[in-house]
Amino acid sequence: MSFSPQIAIAEPSTVVATGTGTEIARRGVSFDGNSVVLVASACTACDAVAWPPAARCHACWAAVTPRRLATSGTLYAFTTVHTAALGTEVPYVIGYVDLPDGVRVFTPLRGDASRLRIDGPVTLHGAAGAPGAGFWFEAAR
Amino acid sequence: MNGRHVAVVGAGMIRFGKYPDASYPDLAQPAVVDAIRSAGIEPHEIDATFCGHSFGGMLTGQRILKGLGMTGEAIVNVENACSSGAGAFHQAQAAIASGEIETALVIGVDKLTQFAGGTLPLNVEDHEVASGMVMPALYAMRAQRYLHDYGYDADDLARVSVKARANGALNPFAQFRKPVTLEEVRASRPIAEPLNLFQCCPTGDGGAAVVLMSAERARRSGATPVWVRASVLHSGRYMTGFRDFTLPEITVRSAKDAYEQAGIGPDDLDFAEVHDAFTIAELLYYEALQLCERGEAPRLVADGVTALGGRVPVNPSGGLLAKGHPIGATGVGQLAEAYWQLTGRCGDRQVAGARIGLTHVTGGGIAGFDHGACAITILAA
Ligand SMILES: [Zn+2]
């Protein structure tokens, strides 16, 4: 990271509102008809990738461009939650999916939970009107 | 350690538990009074107070101290999740070491019964939290991965609870004072698989306090000093890619720095109080604190190495699993326990001949981090 001193009249920077956690995650999901894809931000300078996408590179502050991520990966770890935050319906299943793009995504898991395996293959699903961020993963068929 | 030497000279704590009708001052004031009395000083001799809490709201330290006539000097409120109390301690010892002040009060306090139930409320600006992440689930996934990678089973987790509850039964400050059997842990209801109820720290309230002094001031006082040999506070490293859930990077880094600061190694520890919010955490921290090689932690529990009477007792107080985890109070409660252990005041749970002890807390619940904060302290008689 390098900075050059600027000599200018001080001006206020722009605030980019990213909203709640759900809104942040939704910004990383793109729907095209029945198909869904996760979109990360990739740094134009250092190639750091972030999902959910960020407005600037967290590593070097350079500009970022959108990058569509693979729609299948492997399940790094998962759990069935029986006690959760107050007001949340249980049980539900969540986990972390490792995508070949080098990104680990936290995700709801749906479908037959008995088919989920640690390091097992999973695929992306989604629906524009679905609750939360609108996407989830299931064990691959 | 940089700067002047710092001593802990007094400690106080209420029994952690459920006090739904108690205010934050109600929870903290008895601990403050006991800490200052055990230091053998007058309240006005405190130069500054550092108060750690996560859910106390505005000016918690001032609300506590106004009823004790201890106002007018600096009061700093510190929030760092489960490391709030230990983070306050870190700031206090730094203020003494630098020469700014001679005597400091550290308070840790929190009241979790103010919430109507469910898991610890996390911040919904976090996208993982918004999608269902809760603390038991995070540790459950670490547990699943650890058991998978190293070939252990759920009983290897459950044995940590049995040890914790056995120690808690000996500790009058513990929320849970009833031992549990392996069968009872197995039979408790599931929380986040593979963790069940008896593998999770309870919800509760608590207050704890310690008094710190410069070496010079401590020598002039009549109190029994315990020396701060290391005090480390770090934040976790934010990462967007893959990370190994069985290697808690923030604790690994903090432990390395703490041993270096103290000029000792893990073999020199007589006991440790570690952040066993869930059974798996204690196992991961044995390895991160270098008490054993990676993949060997369950053997330490099974062989009694970390039990009272073992080579290096871990959580002689009962830890978070038995003593309780009112999050901002936890780190200061550990330091109170360490002070009492190193001054031989722990009764039935006393670690015989304890000369050097380590305390460790983390603070989690944030996407992209192992944990948001970690504080490690090494104290010596
Ligand atoms: Zn970059």
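Analyst: Start with the surface of chain A. Its accessible surface comes to about 7900 Å², and 54% of that belongs to carbon and sulfur atoms. Areas are computed by the Shrake-Rupley method with a 1.4 Å probe, and for residues only the protein chains shown count as cover.

User: What should I know about the model itself?

Analyst: This is a predicted model: local features need pLDDT of at least 70, side-chain atom pairs count only at pLDDT 80 or more, and totals for chains, interfaces and linings use all residues. Residues are numbered from 1 along each chain as its sequence is written, chains are lettered from A and ligands numbered from 1 in the order in which they are written, and side-chain values use heavy atoms, with hydrogens and water left out.

User: What makes up chain A in terms of helices and strands?

Analyst: Chain A has 1 helix and 9 strands. Helices (H or I, at least four residues) and strands (E, at least two) are DSSP runs, numbered from the N terminus. The order along the sequence is α-β-β-β-β-β-β-β-β-β. The C-alpha trace spans about 60 × 35 × 30 Å along the principal axes of chain A.

User: How many helices and strands does chain B have?

Analyst: Chain B comes to 13 helices and 11 strands. Its C-alpha trace spans about 55 × 40 × 40 Å along the principal axes.

User: How do you know whether chain B agrees with a compact globule?

Analyst: Set the value against the rule. The radius of gyration is taken over C-alpha atoms, and the globule rule is 2.2 Å times the number of residues to the power 0.38. For 381 residues a compact globule would be near 21 Å. Chain B has 19 Å, which agrees.

User: Why is Thr103(B) called buried?

Analyst: Buried means under 20% relative accessible area, exposed over 50%, and partly exposed in between (1.4 Å probe, protein chains only). Thr103(B) has 1%, so it is buried. Thr103(B) lies in strand E4 of chain B. Among the residues it touches are Ile41(B), Asp47(B), Val211(B) and Arg217(B), leaving out residues up to four places away in sequence. Contact means heavy atoms within 4.5 Å.

User: Why does Glu125(B) count as exposed?

Analyst: Its relative accessibility is 59%, so Glu125(B) counts as exposed. Glu125(B) sits in the loop between strand E4 (103–111) and helix H4 (127–130) of chain B. It touches Thr20(A), Gly21(A) and Ile24(A), not counting residues up to four places away in sequence. The C-alpha atoms of Glu125(B) and Ile366(B) are separated by 9.7 Å, though the two are 241 residues apart along the chain.

User: What makes helix H10 of chain B largely enclosed?

Analyst: In H10 (residues 279–288) of chain B, 10 of the 10 residues are buried, so the helix is largely enclosed by the rest of the structure. The buried residues include Glu282(B), Tyr285(B) and Glu287(B). Gln290(B) follows H10(B), with a positive phi near 65 degrees.

User: Which peptide bonds are cis?

Analyst: One joins Trp51(A) and Pro52(A), with omega about -5 degrees. Pro52(A) is in the loop between strand E3 (49–50) and strand E4 (64–68) of chain A. Another runs from Glu193(B) to Pro194(B), with omega near 10 degrees.

User: What domains does chain B have?

Analyst: The assignment gives domain 1 (6–116 + 204–228) and domain 2 (127–197 + 230–380) of chain B. Such bounds come from an automatic or database domain assignment. The contact takes 44 residues from domain 1 of chain B and 38 residues from domain 2 of chain B. Their centres, taken over C-alpha atoms, are separated by 23 Å.
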